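This briefing covers selected local features of one protein model.

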Amino acid sequence: MDYRISKEDGQILRELAKKQLEFHHREENQRRIKEWYAHNALQGQRPMIHLEAGTFQQEFLPDRLRCTGEFARQVEQQLYENFQNQELFDDDRVTPDWFGVNYDTFFRLFDIQIHVQHTEMGGHESVGHHFVSVVEDLEEDYDKLKPTAFGVDKESTRAKFESISQTIGDILPVRMKMDCLYSVPTQMVVHFMSMENMMFNMYDYPELFKEMMDRIAEDTLAYYRMLEKEHLILPTVSYEGVGQGTWAFTNELPGYDEIGKRTFTPKDVWGFMDSQETVGISPQMYEEFIFPCYKKISEQYGLLSYGCCEPVHPIWDSCISKLKNLRKVSISPWCDQQFMGERLRGSRVIYQRKPTPNLLGVGEQLDEDAVRAHIDETLEAARGCKLEITQRDVYTINHDISKARRYVAIIREEIEKHWQA
């Protein structure tokens, strides 16, 4: 890709950089930054709210983009994403006073090239997709599990950083950043094996399957050692993403002032893991076949966030509760809210609730009574916990920004009426 930015595109980006900085300095943004630090330190006075817009921003963002160059357009989108929630939805996502560039790293498990088949709708790829199995019978195909390939493209990273810095760096500081260390082993397995084959192979070749999972853990740790050696592990203490829809704000981990003074390790940063693909196996099988790999990886992190859409309550007592660095756990629409509220009440683990996406994403009109009832159920179940509400997996708001903004406002209203810190 050509990372050069034209003069015309550069002017557009400079205008957006000024706009981002203006949003950062607003009083409500500064207040919410403080609230995020308190929340993640288990000292918050109210639940934090985040509406994840990435899955539906195709309904409002493309029409706002004005850059013509491919790379400039990517930068333009990221600038908008830095402040669009504050501007459009008034949730608790906050706007930074810098622009982050991630290293171009890669991790290709067992050096298997993943093939995806997408369905089409209206001549375009839709959300629906299928992963083509490369490994079907684990015993017969085990030789396809080559050494895992991983690395970093420093040249492309440097070219991007320099281009962006030259364009907006005098307005908005540009810095290298890293989001949390992100590891989802069973998702990677399904990508090259399929869900059905994963289940059969676990049953047919239990010892070989365990060996494969241990290899995944060891290869992941080797990747982390490479990141550490190359000084690619960077602080996760502020606006950096932590897995599924939350943010890193913390004073418990080394910050940006430590760069150059120390080599950062996985123990210095946030990590994220989930295992949505194992909902079809028993808690006992999860503990035997999956958890050893997850435990080996997750214990490397300083702080851990666990879970996405899978219900965690069946494996909480036997497995997840034993992760000593766990700070956030996902309470999905398929999770037993009451059970998890009882387990997390008074603990050092944040109850990160993921409400059903249907109330916002289905239908043109917002059923406000249904939204209130759904949120009130969570507020009651999580009483005595540190609660965070992250709305994910909404794929349409019917092109109605006011609908999404009202949804967030209703959540705030119910918290104000019913929540006691």
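**Helix H5 and its surroundings**

Helix H5 is largely enclosed by the rest of the structure, because eight of its nine residues are buried. The model is predicted, and local features are given where pLDDT is at least 70. H5 spans residues 185-193 and is one of the elements that supply at least two residues to the lining of the second largest pocket.

*H5 and the loop after it*

- The buried residues of H5 are Pro185, Thr186, Met188, Val189, Val190, His191, Phe192 and Met193.
- Ser194 follows H5 and sits in the loop between H5 and H6.
- Phi of Ser194 is positive, near 80°, and Ser194 is a residue other than glycine.
- Most residues other than glycine have a negative phi.
- Ser194 also counts as buried, with a relative accessibility of 9%.

*Asn197 in helix H6*

- Helix H6 covers residues 195-204 and contains Asn197.
- Asn197 has a relative accessibility of 16%, so it counts as buried, the cut-off being under 20%.
- A polar atom of the Asn197 side chain lies 2.8 Å from the backbone oxygen of Met193, and Met193 is itself one of the buried residues of H5.
- Leaving aside residues up to four places away in sequence, Asn197 touches Ser133, Val135 and Glu136.

*Second largest pocket*

- The second largest pocket holds about 270 Å³ of space.
- Its lining is made up of 14 residues, and those nearest the centre of the pocket are Gln187, Gln276, Arg392, Asp393 and Tyr395.
- Strand E5 (124-131) and helix H5 each give at least two residues to this lining.
- By type, the lining of the second largest pocket has five nonpolar, six polar and three charged residues.

*Largest cavity*

- The structure has one cavity of 30 Å³ or more.
- The space in the largest cavity comes to about 50 Å³.
- Which residues line the largest cavity? They are Cys309, Ser332, Pro333, Trp334, Lys354, Pro355, Pro357, Gln391, Arg392 and Asp393.
- Five residues of this cavity lining are nonpolar, two are polar and three are charged.
- Arg392 and Asp393 belong to the lining of the largest cavity and are also among the residues nearest the centre of the second largest pocket.

*Cysteines*

- How many disulfides does the structure hold? The count is zero.
- Cys308 is in no disulfide, and the nearest cysteine sulfur, that of Cys309, is 4.0 Å away; a disulfide needs two cysteine sulfur atoms within 2.5 Å.
- Cys308 is buried, with a relative accessible area of 5%.
- Cys309, the neighbour in that sulfur pair, is one of the residues that line the largest cavity.
- Cys385 counts as buried, at 4% relative accessibility.

Technical notes
Residues numbered from 1 in each chain as written. Heavy atoms only, no water. Buried < 20%, exposed > 50% of the residue type's maximum accessible area, 1.4 Å probe, protein only. 1 Å grid on protein atoms, 1.4 Å probe; cavity = no way out; pocket = protein on both sides within 12 Å on 5 of 7 lines; lining within 4 Å. Points joined across faces, edges and corners; volume = space filled by probe spheres on them. Nonpolar A, V, L, I, M, F, W, Y, C, P; charged D, E, K, R; others polar. Helix = DSSP H or I, 4+ residues; strand = E, 2+ residues; numbered from the N terminus. Polar contact = N/O pair within 3.5 Å; in protein donor to acceptor, adjacent residues only side chain to side chain. Contact = heavy atoms within 4.5 Å.
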